[in-house]
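Subject: Structure for your files

Dear colleague,

Here is the structure you asked about, with the sequence alongside. My notes on what was found in it follow below.

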Amino acid sequence: MSALPATVVAAFGRECLARLDGGELLRCQVRGRELQAVCGDRVQVVPNAEGRDAGSGVVEAIAPRSNEFARAAQHRKKTLAANLTQVVILVACEPSFSDEIICRMLVLAEHAGLPVILVLNKVDLLDHRERALALLLPFRGLGYPLVELSGRSDVEPLLPYLAGQRSLLTGQSGMGKSTLVKSLVPDAEVRIREISHFLDAGKQSTTGSRLYTVAPGSEIIDTPGVADFGLAGFDAPAIAAGFREFDAYRGQCRFQNCSHLVEPGCALLAAAERNDIHPRRLALFQRIVRAEGLAAAAAGRR
Ligand SMILES: Nc1nc2c(ncn2[C@@H]2O[C@H](COP(=O)(O)OP(=O)(O)O)[C@@H](O)[C@H]2O)c(=O)[nH]1
Ligand SMILES: [Mg+2]
Ligand SMILES: [Zn+2]
């Protein structure tokens, strides 16, 4: 049988669930060691012979990706999804979230060239809302929309942002990603069970990313909560490029290779001093550069 075009809606190691363009789901093996299918990939699938192994097939080829959202974990790139149009970063009023991790996710999204929407979830937990909004203050005015909602009871505010998009939903564990997806996708639970059934043999059916259709042309990808968003492979300038408000100061530091940590004549330090950039954002940049082990390299250059 000839190959059919499909989209990967769940992926686990050498296995994935592919949705044929007609809508049929096929559990697939990925051919060849060099191929690694991720959620959102466009693939060519050859169904297995009917009768012998119905509902299954083989991924023969993966189309080049227009973009991918990846995090680097222990020197290994871990691609969460591909061919996206935007990233939705979810935080919650409770439990509290890390603004450093927001910055890390923003670096990854900016690096992939993807627009970002910030969502504050669980606004029904009124007692914690003010504190959460205060933590989000440094991100206001950067051009990222901020949407407030309750993923459990009112997802309406997010709908206009999802229309016509393929959104990657990301955020720390416990922020409410899976709950939000269940509210957004009418038959989500049926489909989750369906997919889990398909992938049970894959053993890790709760750890992978999954693509759901919210409405025709609107898709959302739920990703597993990950503890940290490593930026291995990024150097300090690449990390700085993920802080969009730093752009206006590029080339204005006294030293061309300024690390923006301690140098005299640093345009970013001066801007933070004047509150032209939010001091917290600069502090988080510096913290990430140090955590990624890049501060020593910067000092060595001087
Ligand atoms: N109060 C409240 N709790 C929520 C809301 N959305 C999710 N939760 C709870 O937050 C916890 C984590 O949700 P989950 O969807 O598993 O988060 P995930 O780890 O990001 O997928 C669960 O106990 C949910 O019931 C919400 O809108 N309001
Ligand atoms: Mg979840
Ligand atoms: Zn500088």
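Q172 has a relative accessible area of 17% and, because buried means under 20%, it counts as buried. Please keep in mind throughout that this is a predicted model. Q172 sits in the loop between β11 (166-170) and α4. A polar atom of the Q172 side chain is 2.8 Å from the backbone nitrogen of S98. Q172 also pairs up in space with a residue from another part of the sequence: D228 is 56 residues away along the sequence, yet the two C-alpha atoms are 8.0 Å apart.

Ligand 1

The shell around ligand 1 holds 15 residues, and those that come nearest are K122, D124, G174, K177 and T179. By type, the shell consists of 9 polar, 4 charged and 2 nonpolar residues. Which helix gives the most to this shell? That is α4, spanning residues 177-184, with 3 residues.

- K177: a polar backbone atom is 2.8 Å from an oxygen atom of the ligand.
- S178: a polar backbone atom is 3.0 Å from an oxygen atom of the ligand.
- G151: a backbone N or O atom is 3.1 Å from an oxygen atom of the ligand.

On its own, ligand 1 has 580 Å² of accessible area, and the protein covers 73% of that.

K122 belongs to the loop between β9 (116-121) and α2 (126-136).

Zinc site

Which protein atoms are the donors of the zinc ion, ligand 3? They are SG of C253, SG of C258, ND1 of H260 and SG of C266, at 2.1 to 2.4 Å from the ion. Along the chain these donors follow the spacing C-x4-C-x1-H-x5-C. The angles among the 4 donor atoms run from 103 to 114 degrees, and the site is tetrahedral.

Backbone points

If you check the backbone, there are two further places to look at.

- N83 has a positive phi of about 60 degrees, although it is not a glycine. N83 lies in the loop between β7 (76-82) and β8. Is N83 buried or exposed? Its relative accessibility is 14%, so it counts as buried.
- The peptide bond that runs from E94 to P95 is cis, with omega near -5 degrees. P95 is in the loop between β8 (86-92) and α1 (99-111).

A strand residue

V43 is part of strand β4, residues 42-47. With 3% relative accessibility, V43 is counted as buried.

Regards

Methods: Residues numbered from 1 in each chain as written. Chains lettered and ligands numbered in written order. Predicted model: local features only at pLDDT ≥ 70, side-chain atom pairs only at ≥ 80, totals over all residues. Heavy atoms only, no water. Near = heavy atom within 4 Å. Polar contact = N/O pair within 3.5 Å; in protein donor to acceptor, adjacent residues only side chain to side chain. Areas by Shrake-Rupley, 256 points an atom, 1.4 Å probe, with all protein chains shown as cover. Helix = DSSP H or I, 4+ residues; strand = E, 2+ residues; numbered from the N terminus. Nonpolar A, V, L, I, M, F, W, Y, C, P; charged D, E, K, R; others polar. Donors = N, O, S within 2.8 Å, 3.2 Å for Na, K, Ca; no water. Tetrahedral: all angles 85-135°; square planar, octahedral: opposite > 155°, others 65-115°. Buried < 20%, exposed > 50% of the residue type's maximum accessible area, 1.4 Å probe, protein only.
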